[in-house]
Amino acid sequence: MSETPPTLRGRLKRGLVPFRGDRANQLLPQGSLAGPVPWVIAIMVALTVIATAAGLALSNLASGARDELSGGATVQIIQADPGERTRQAQRVEEALANFPEVATLRQIPDDELEQLLEPWLGAGVDSEAVPVPALIDVRFRGEATPDNLRRIRAAILQVAPDARVDAQSTWLRPVFSAIASLQYLAIALVVLLAITSTAAVFLAARSALGSNRETIEIVHLLGGTDTQIARVFQRTVGFDATLGGIVGLVLGMGAVLFLGQRFAALDNGMVGGGGLGWLDWIAVASVPLITVALAMLTARVTVVAALRRML
Amino acid sequence: MSKGDEEVVTFDNVGLRYGTGKEVLSDVSFTLWPGSFYFLTGASGAGKTSLLKLLYLAQRPSRGVIRMFGTDVITLPRASLPNYRRRLGVVFQDFRLVPHMSAYDNIALPLRVSGVPEAEVTKPVTDMLEWVGLAHRAEARPATLSGGEQQRVAIARAVIGRPDVLLADEPTGNVDPDMAVKLLRLFEALNRLGTTVVVATHDLHLLQKVPQSMIMRLDKGRLSDPTGMLRNPPRRQTSEGAD
């Protein structure tokens with residue numbers, strides 16, 4: 001070693017400038033945050049994607065069904081005598097035709113009724129042996145308000161004493177209530193999963209901070225700022241979260257598409273309304289983005305809080 | 001007073017205690033002048049390392065005033081301290097090299113932390129590696145370096161940014177006498193370039209090797225300054241053309 005040091009560059013411009021890029025990343029040993037973190041995030045993202053898709057599908061289902069049923073009512077003619085039943089049904093149709101609030105009405109044809117009842121009664125039902133009520137589907141111009149229903153009920157009972165009028169939304173109120181509960185459950189699941197993901201990243205960042213305390217202290221004493229050190233952790237966590245987010249999104253989307261196909265195969269009118277629109281797909285696809293942002297924010301806050309305990 | 005004569009560090013009645021224990025440093029007052037060379041001596045447990053910790057801003061004192069480069073660093077917000085740390089070079093007693101980084105990257109660290117562009121990092125780091133005789137060990141991790149080699153890397157890291165103040169804690173503790181003298185020559189060379197040097201040591205033989213040095217002697221946490229030289233030293237001419 002020579003006695004005279006090499007001509008060192010002039011004094012450094014010692015501004016609080018960024019310490020970033022690959023070189024800054026070397027501050028943490030490779031894989032110091034890797035390990036279970038990307039996989040935990042992948043599982044969380046997959047579950048959140050499924051819960052979000054389920055919540056949105058249920059919301060669409062409820063909204064579609066509510067729109068369809070809120071303006072409808074069903075008139076049943078409960079009369080064992082087929083002739084009398086037909087006559088009363090005809091009189092009901094004539095009476096309802098005079099109501100301006102009624103947009104359309106349609107008597108359900110016998111073959112359609114048979115189809116509806118086939119799962120319970122089998123094919124080729126003898127309407128005399130098993131008296132099936134005549135059904136008239138009534139569509140109002142607006143909603144089937146209690147006032148509308150009261151007025152048409154009064155008019156119908158004058159011409160068809162065996163008639164019964166029910167708002168379609170009334171039948172399905174318990175179903176809507178159940179769907180709403182499932183929606184709240186999906187929201188709660190998304191929130192819980194977000195909290196769990198945050199906690200996982202918090203613990204991982206704390207653990208990495210602990211195992212790299214010596215390195216962090218050295219950089220701190222060399223003039224490294226909290227922001228510089230936090231950025232290194234933030235970037236590492238961001239990389240892990242992105243990796244986990246992509247895997248989770250693929251798994252979650254796969255599950256959602258599979259379930260979607262299964263429900264579509266039920267060929268049920270109500271379930272068919274529970275699809276996802278393009279805005280819903282964007283919302284689902286944003287789950288990993290939000291997760292990455294949340295993870296990076298958590299890492300930053302955790303590391304900065306820990307660094308503040310040093311001078 | 002010309003700008004070059006402004007004091008680098010001033011301690012005024014500084015005391016330090018850890019937690020609720022007794023004071024490990026009491027009523028410490030001194031001034032470090034630019035381009036001066038100081039030996040900090042004292043028996044083990046006298047408070048040398050604690051004093052150095054205050055100097056390299058790893059610790060706040062329990063009382064007293066510390067001014068660094070004209071600023072009271074006790075009341076300075078935490079966020080402003082890195083700017084002051086970047087003007088210091090520290091050789092730790094246990095070297096404190098980053099274990100997963102090569103010798104090259106350890107030496108480059110202060111430049112990178114200070115935001116020097118990567119293109120401007122290579123030459124000074126390579127020069128420093130050659131200067132400390134470790135060019136052939138540039139890619140070696142600290143664990144594979146001998147104690148003396150680690151010490152040279154630590155010294156290179158401390159001086160790479162041409163600090164205003166170089167603080168060295170027992171820098172000759174792990175090297176043979178020949179290497180100890182070489183290290184002192186290195187510190188002297190830096191000192192000639194205008195850097196204020198403080199070397200903490202309990203090796204009294206070293207003190208005679210640097211004739212122009214001043215002695216700061218700690219005894220049970222108190223600084224001996226019977227003549228007041230440390231507090232009010234006579235003005236001395238700093239090296240010209242330091243930069």
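**Cores and positive phi values**

Trainee: Which residues touch the most other members of the largest nonpolar core?

Mentor: I107(B) and V198(B) do, in a core of 120 residues. A nonpolar core is a set of buried Ala, Val, Leu, Ile, Met, Phe, Trp, Tyr and Cys residues joined through C-beta atoms within 7 Å. This is a predicted model, where local features need pLDDT of at least 70, side-chain atom pairs need 80 or more, and totals for chains, interfaces and linings use all residues. Residues are numbered from 1 along each chain as its sequence is written, with chains lettered from A and ligands numbered from 1 in written order.

Trainee: Which helix gives the most to this core?

Mentor: Helix α2 of chain A, residues 36–70, with 21 residues. Helices are DSSP runs (H or I, at least four residues), as are strands (E, at least two), numbered from the N terminus.

Trainee: And what does I107(B) touch?

Mentor: Leaving out residues up to four places away in sequence, I107(B) touches V125(B), M128(B), L129(B), V153(B), A156(B), R157(B) and I160(B). Touching means C-beta atoms, placed from the backbone, within 7 Å. Apart from that core lies another, of 17 residues, including A134(A) and V165(A).

Trainee: New topic: what is phi of R162(B)?

Mentor: Near 45°, a positive value in a residue other than glycine. Most residues other than glycine have a negative phi. R162(B) sits in the loop between α5 (147–159) and β7 (165–169) of chain B.

Trainee: Is R162(B) buried or exposed?

Mentor: Buried, because it has 21 C-beta neighbours inside 10 Å. The cut-offs are 20 or more other C-beta atoms within 10 Å for buried, 12 or fewer for exposed, and in between for partly exposed, with C-beta atoms placed from the backbone.

Trainee: What about K220(B)?

Mentor: Its phi is near 50°, also positive. K220(B) lies in the loop between β9 (214–219) and β10 (222–224) of chain B, and is partly exposed, with 13 other C-beta atoms within 10 Å.

Conventions:
Two residues are in contact if their C-beta atoms, placed from the backbone, lie within 7 Å.
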